[in-house]
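Me: I'd like a close look at one part of this assembly, please. Could you walk me through a single interface?

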There are 4 protein chains.
Amino acid sequence: MKDVQKQHDDRGLPIQKVGVKDLRYPINVLDRTNTLQSTVAFVSMYVDLPHNVKGTHMSRFVEILNNYRGEITLRNVNGILSKMIDVLGSQSAHIELKFPYFIEKQAPVSGATGLMDYDCKFIASLQRGSRVLDAILRVDVPVKTLCPCSKEISVKGAHNQRSVVSIKIRCREFVWIEELVEIAESQASSALYSVLKREDEKFVTEQAYDNPVFVEDIVRGVALRLRSDPRITWFSVESENYESIHNHSAYAAIELG
Amino acid sequence: MKDVQKQHDDRGLPIQKVGVKDLRYPINVLDRTNTLQSTVAFVSMYVDLPHNVKGTHMSRFVEILNNYRGEITLRNVNGILSKMIDVLGSQSAHIELKFPYFIEKQAPVSGATGLMDYDCKFIASLQRGSRVLDAILRVDVPVKTLCPCSKEISVKGAHNQRSVVSIKIRCREFVWIEELVEIAESQASSALYSVLKREDEKFVTEQAYDNPVFVEDIVRGVALRLRSDPRITWFSVESENYESIHNHSAYAAIELG
Amino acid sequence: MKDVQKQHDDRGLPIQKVGVKDLRYPINVLDRTNTLQSTVAFVSMYVDLPHNVKGTHMSRFVEILNNYRGEITLRNVNGILSKMIDVLGSQSAHIELKFPYFIEKQAPVSGATGLMDYDCKFIASLQRGSRVLDAILRVDVPVKTLCPCSKEISVKGAHNQRSVVSIKIRCREFVWIEELVEIAESQASSALYSVLKREDEKFVTEQAYDNPVFVEDIVRGVALRLRSDPRITWFSVESENYESIHNHSAYAAIELG
Amino acid sequence: MKDVQKQHDDRGLPIQKVGVKDLRYPINVLDRTNTLQSTVAFVSMYVDLPHNVKGTHMSRFVEILNNYRGEITLRNVNGILSKMIDVLGSQSAHIELKFPYFIEKQAPVSGATGLMDYDCKFIASLQRGSRVLDAILRVDVPVKTLCPCSKEISVKGAHNQRSVVSIKIRCREFVWIEELVEIAESQASSALYSVLKREDEKFVTEQAYDNPVFVEDIVRGVALRLRSDPRITWFSVESENYESIHNHSAYAAIELG
């Protein structure tokens, strides 16, 4: 059978990324307690294509993924990317893994335990001949924010809401998802929990009232924490506050590298 | 050219609904101030198909829609449905219009005006030979809810959040979208606004603190209002509270007919 | 601390469903090869609330879920629902699990294996004092459809596209997700695969060309298969074809019970 | 009332973007036939914030938007951004408008007319003291792609599917949305239409069969067209093909500046 993809292309245009997008796949992620956590990812895999080749071979991406089945963790992304460069004969390879990640958290007073879910993304690229990944880890941390202005000007109460703090980092040394979650929560009015008994709800309510933060405060606070971490070489932090007095969001962003 | 759709089908199975789904289309909706409001809808149109016919003619649905271009309002849905029954030779016709609707609202103290957006859905069916639509109007009203338990047990503050109250009604007489919005907002801790000056933010914060409601309170309050309206023959009310202390929602629902 | 939820409500309105919605949680699902499959679900849990009680206790829903951690399978949904009725003192309990499910499939010629993902939903209700669930299983099966009209009238080729066949069933005896997938695929122009080598792509292309189906044909074919299965007491089948010649879908639906 | 936002911040961190996100708003867009088209946008507006100021004034963003009500077009984005810099005392201002855009298209044989919808995004930034916008226009063009490999190796037929070609451009002179749509469609196997009579369906089917393109071909073809346009100073082109033989996408991207 003819290999149409292998044909010559004379348009002289290399392609930066070509491959498969949003293939859903079960993966395992190692968590800080050293346990492999089962989750489900949307996986995208791309390589570059030289200017004189017509097409890539899409089925090989999925075959490579299948070879790693049950062993797809952030730790062996390097191996998957090397394999892609090898099998597809490319100069570079890229992978994106988008998955929910679970952390067991204790309610602040009762100690009741429950799982919280965090959307994560791991984007990594490798160049042929290199052993060093260019990798970005993104974690979306839902938190509670209470408005300082509303608290200041009101006789009682203060509007508060769910917000999502998105942290993206590049680092020279491994950073746990758990660490980024802790950083985001430390700068919010309060963390979120899946189980809160009455004594916990009282604690969280009062803690948030005592720690009002604007969307600007959160991104500044997180940025200071990330800037002071010697392992982190670049970061971006965004916060989207789903305002409880509006039907739109408040938003702020800082990027430093 | 052969009309494959018109061929005989001998499997003996009538089809309840067949047609086009999620065609995006500009429409006009008459609002309470008697102005035609331009918006964009996702339109779905279906008819039934008798057991002995192979297929319907999909292009005719879109042609009918095009004939009403610029004049697609809730008022002439009856005409569109009659035309569908006629042109497609069916016993029944169904249409669904999903669109954002805008209402100009004044901030409660400053009077500053701004537009609020509400997701609406209009679902209507007509039977051949009948002039009476079976129609459901759905309006999703984003509001603010403040937790009575959190207020009661906490020394200061109370968690609050954005919630969406979804009202669906069948009625024997016309009911305005604006009326359903007002009903939902009246049972919440506070309405939402697109523009709030500082004096308004103070007002809304204190109003919410003075009117705590559980998700159960909202659906009960709305249900009582709808039940007492002689124009309304059936309704369903749901509320989804995007809890600001959890990463999941609180939810309640009542249906009465 | 005061239990605000337990207070008396004098509005005389019972609530049909109240609880937690869209809590993301890792679950295990037993598959046909008798292996427990790890996946991630959005879980919703509701109970009814009598007319004279102000509110339910939201944290208890999540505590019940946590007690089943690692053992949440479709098989012990009955136990979870009984526990909910018990703990929350309700007359009925409802649970909804929405999750991706993976099936290993072999490419039709090369035999290359790969995982295919299917969106599933399991909705179950239990009444106090009963041991019989009212349960609905929904499976969304992506398939390929090739248009019979386009094939008939064209000198060469025929438009085809990805479609999603959604099957919902109530049954008196257990039916595997794998069985519903097989039924949907059997009525399509072709099944989908995650890995196809060149010889497989040829096979699938020609198979689809030889088996053109309208959206009407798919729902009729699936309905006939489901109707003839003595285990199934009610079903609904929908197909949405993401037409490759339009930017909207073709849709058909049959419900029989 | 105290202006909390105006307070001093001593953390020494400027914020690159702060403001309101995803405010839904009716807008008008001038189309190539010189008609103002009514549509609905999600609007985001941001400014920078100096290191020593605690917060921005969120309500002012919406007030500025309201002042342009009924006149929000791509043409007066410059005025809106100047106003933002002015009113909020910032060094830069950013706006993003995300909206569906409609083009009337004629079916290729019958000439039947119908509206096609295209998702568009306009992102613009202005620096204080400058009159020159940095603007990016993005248009998502749904098209039909037919696989050259499938055609070559199969005795009959060829798999084809809906694909979305996303073009982003920066330009020194105005480029119409209609022009980008035309460029994307010219490189696909066929354009899409909302209405196709039988003779049109035959035409489109055969045209696609005669013009097979890989995802690589589309992005290369579009890139060549964009590169040769002297008005365009930078572009990115992506294509996502919703493969009709897989449940994932094929994807390719080229960026040139």
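What rotation, and what shift along its axis, superposes chain D on chain B?

Reply: Happy to take you through it. Please keep in mind that this is a predicted model; the predictor gives the complex an ipTM of 0.95 and a pTM of 0.96. To your question: chain D is superposed on chain B by a rotation of 180° with 0.0 Å of shift along the axis, at an RMSD of 0.0 Å. The two copies are therefore related as by a two-fold rotation axis. Both copies use the same surface, since 100% of the contact residues of chain D recur in chain B.

Now for the interface itself. In contact here are 31 residues of chain D and 31 residues of chain B. Between them, chain D and chain B bury about 2700 Å², and 54% of that area lies on carbon and sulfur atoms.

Polar and charged pairs come next. Eight salt bridges are found across the interface of chain D and chain B. One of them joins K197(B) to E63(D), with the closest N and O atoms 3.1 Å apart. Across this interface there are also 14 residue pairs in polar contact, both partners being at pLDDT 80 or more.

As for where the chain D side comes from, at least two residues each are supplied by the strands β1 (15–30), β2 (36–49), β3 (92–106) and β4 (113–127), and by the helices α1 (58–67) and α5 (198–210). By residue class, the side of chain D that touches chain B has 13 charged, 11 nonpolar and seven polar residues.

Terms used:
Residues are numbered from 1 along each chain as its sequence is written. Chains are lettered from A and ligands numbered from 1 in the order in which they are written. This is a predicted model: local features need pLDDT of at least 70, side-chain atom pairs count only at pLDDT 80 or more; totals for chains, interfaces and linings use all residues. Side-chain values use heavy atoms; hydrogens and water are left out. Copies are superposed by least squares on the C-alpha atoms of residues with pLDDT of at least 70 in both. Contact means heavy atoms within 4.5 Å. Buried area is the accessible area (1.4 Å probe) that two parts lose on being put together, summed over both. A salt bridge is a side-chain nitrogen of Lys or Arg within 4 Å of a carboxyl oxygen of Asp or Glu. A polar contact is a pair of N or O atoms within 3.5 Å; within protein, one must be able to donate a hydrogen and the other to accept it, and residues adjacent in sequence count only if both atoms are side-chain atoms. Helices (H or I, at least four residues) and strands (E, at least two) are DSSP runs, numbered from the N terminus. Ala, Val, Leu, Ile, Met, Phe, Trp, Tyr, Cys and Pro count as nonpolar, Asp, Glu, Lys and Arg as charged, and the others, Gly among them, as polar.
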